[in-house]
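Keep the sequence and the 3D view open while reading.

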Amino acid sequence: MKTNLKYMAFAALAVFSSCTKQLDITPEGSPSAQNFWKTKEDALKAEGGMYENYNAEDFYGRGMFWFINASDDMVTGRNKPEADNIKNFNRSYVGGGYTETQWSMRYAIIKRANDIITNVPGINMDESLKKQIIGDAYFNAGLVYFQLAANYGNDKAGVPIVKPETDAAQPIPRANNVNENYDYIISLLLKAADNLPFFSAMKPGDYGKAHKTAAWAYLSKVYLYKKDYANAAKYADMVINSGQHDLINTGFADVFKAANNWSKEYIWSVVCTPNGGGTGWGSKLPGVMLTNKAWGIYNGWGYYLPTKELYDSYEAGDQRREATILKPGDKFMFFGAERSFTKDGGATSNYQFKKYMEPFSYANPIPTHVNPNGDNGTTDLNVPLMRYAEVLLIKAEAAINLNGAGAGDTELNKIRVRAGLGTKSGMTIDDLKRERRNELAGEWADRHRDLVRWGDAQATYAKPLHDYDGRVIWPARTFNPQVHDVWAVPQREIDNSAGVIKQNPGW
């Protein structure tokens, strides 16, 4: 599957290209309408095409991660004016290159998913395979809608809802509010769950495609954002009680080993490979988070560096701290040799995230573990987007909100014990916030979005951020919860819609 998704995506593009050539020979109308959507192979190619953008540099490599970088857990590691403006909630970032395509890339996936939902039911093919492909489309549409809605939508306006029957050629106005989006996303994910198999029933060649508990897990997260805690707990429990998942019990660091890409803790990841087809595939985040120039050995990019605030948030004895963060003097393996951590001379912070470093630890890791091209720093480690630990945290947060302190102790203690900590009783929402931060630091769970939805962003960002030596490396920032609770709609989308799509107020 590490290469299959890539080849499937390119095969989808190739088939459309070949149809265009056929159109040149025999002009019989739209090639996608007349020559495609006929066979099982067409359906599989279309399914693979949904994953094409997973390989885009700014999709899961860095782009949307600039929004996550706004949190107090990390700073922009190198001088990047647009990135700095994003972190400082400065309108000057609007129209820049890093995040401007986030909207269109995700709507492209929605369009491809809608085409599958519309056309695959009419193909004469194996019904179980048909059902799985349709479920995959519902899941992918629901997932990227959620990413869009959470980042751009609030109670003032949501994001445009483009349904399978919608004329995508016409500009679609924004939904009235983000709850309209969440309700639609829930309907998509419910349909996905109804159609998809359990991961345990899938063939290894299909690993990386959507499965039932992934749909339930994201349903629980959507309900959490919606503050419907009863349903958030319900769908988290469906994952927990499914028997499909568990925490890796050999230690927190083992979660981030490529050998455990498909472990019991896996829920949803970016399928990655260092050298598939000679170019690599998947998220470049491991290379993006690696120290700039990687001590002259590899082309690390040096973005998203941890802060002292994150490091100091861990309890004494928490094994997650050393598995998550490298600080000056820490010993670690890199290209088969032990090194003592030092920062790049121009780096903003003298910490580095360690979670994605395992592929770089081996002697001669290129191309087995690490991409030969440092400008495309993919590895054999699948970058997690949702893991079972987050489902436990969602259940705990929902339970505490419903029933008060102590209601999430069972789930939180599972996470604490794995981290080498003792159990506690009567844990509060503040305990939940710390556990969520410490467990998911540097991941796609999005600390910034957590701070916003908890109402903690304004006070948190009013404090400066520091490095290991206690120096201020990022000054205090002004966060206006009436404006900065969402990000700016990309200006190109407003322009392309001739003003039908409106900007978020204040941006």
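Contact here means heavy atoms within 4.5 Å. Helices (H or I, at least four residues) and strands (E, at least two) are DSSP runs, numbered from the N terminus. The structure is a predicted model, in which local features need pLDDT of at least 70, side-chain atom pairs count only at pLDDT 80 or more, and totals for chains, interfaces and linings use all residues. Residues are numbered from 1 along each chain as its sequence is written, and side-chain values use heavy atoms, with hydrogens and water left out.

**A covered helix**

Helix 18 spans residues 447-454 and is mostly covered, with eight of its eight residues buried. Buried means under 20% relative accessible area, exposed means over 50%, and partly exposed is in between (1.4 Å probe, protein chains only). The buried residues of helix 18 are Arg 447, His 448, Arg 449, Asp 450, Leu 451, Val 452, Arg 453 and Trp 454. These buried residues pack against helix 5 (65-68), helix 8, helix 10, helix 15 (388-403), helix 17 (429-440) and helix 19 (457-461).

**Recorded domains**

UniProt lists residues 93-224 as "domain: SusD-like N-terminal" in an unreviewed entry. UniProt positions are given in the numbering used here, feature names are shortened, and annotations may be inferred rather than shown by experiment. In the model, the span 93-224 is 57% helix and 0% strand, and its end C-alpha atoms lie 29 Å apart. For residues 264-507, UniProt lists "domain: RagB/SusD", again from an unreviewed entry. Over residues 264-507 the chain is 30% helix and 12% strand, with 42 Å between the end C-alpha atoms.

**Two helix pairs**

Two packed helices are described by the angle between their axes and the distance between the axes. Axes are lines fitted to C-alpha atoms, for helices over the stretch in contact, and angles run from 0 to 180 degrees between N-to-C directions.

Helix 7 (residues 102-119) packs with helix 8 at an angle of about 155°, and their axes are 9 Å apart. Helix 7 is therefore roughly antiparallel to helix 8. Angles under 35 degrees count as roughly parallel, over 145 as roughly antiparallel, 65 to 115 as roughly perpendicular and the rest as oblique. On the helix 7 side, the contact includes Trp 103, Tyr 107 and Ile 110, while the residues of helix 8 include Ile 134, Tyr 138 and Leu 148. The residues of this contact divide into 16 nonpolar, three polar and one charged. In this grouping, Ala, Val, Leu, Ile, Met, Phe, Trp, Tyr, Cys and Pro count as nonpolar, Asp, Glu, Lys and Arg as charged, and the others, Gly among them, as polar.

Which way do helix 8 and helix 10 run relative to each other, parallel or antiparallel? The axes of helix 8 (residues 127-152) and helix 10 (residues 212-226) come within 11 Å and cross at roughly 25°. Helix 8 and helix 10 are therefore roughly parallel. Helix 8 contributes Phe 139, Leu 143, Phe 146 and Ala 150 to the contact, and among the residues of helix 10 are Tyr 218, Lys 221 and Tyr 225. The contact of helix 8 with helix 10 has nine nonpolar residues, no polar ones and one charged.

**Single residues**

| Residue | Relative accessible area | Class |
|---|---|---|
| Trp 37 | 15% | buried |
| Ser 269 | 7% | buried |
| Thr 291 | 5% | buried |
| Tyr 304 | 0% | buried |

Trp 37 lies in the loop between helix 2 (31-34) and helix 3 (40-49). Trp 37 is not a glycine, yet has a positive phi of about 60°. Tyr 304, in the loop between helix 12 and strand 3, also is not a glycine and has a positive phi of about 55°.

Thr 291 sits in the loop between helix 12 (285-289) and strand 3 (305-306). Not counting residues up to four places away in sequence, Thr 291 touches Gly 300, Trp 301, Gly 302, Phe 341, Asp 344 and Gln 352.

Ser 269 belongs to strand 2 (residues 266-270). Ser 269 and Asn 382 are 113 residues apart in sequence, and their C-alpha atoms are 5.9 Å apart in space. With residues up to four places away in sequence left out, Ser 269 touches Asn 382, Val 383, Pro 384 and Leu 385.

Finally, a cis peptide bond with omega of about 0° joins Ile 366 and Pro 367. Pro 367 is in the loop between strand 7 (352-353) and strand 8 (383-387).
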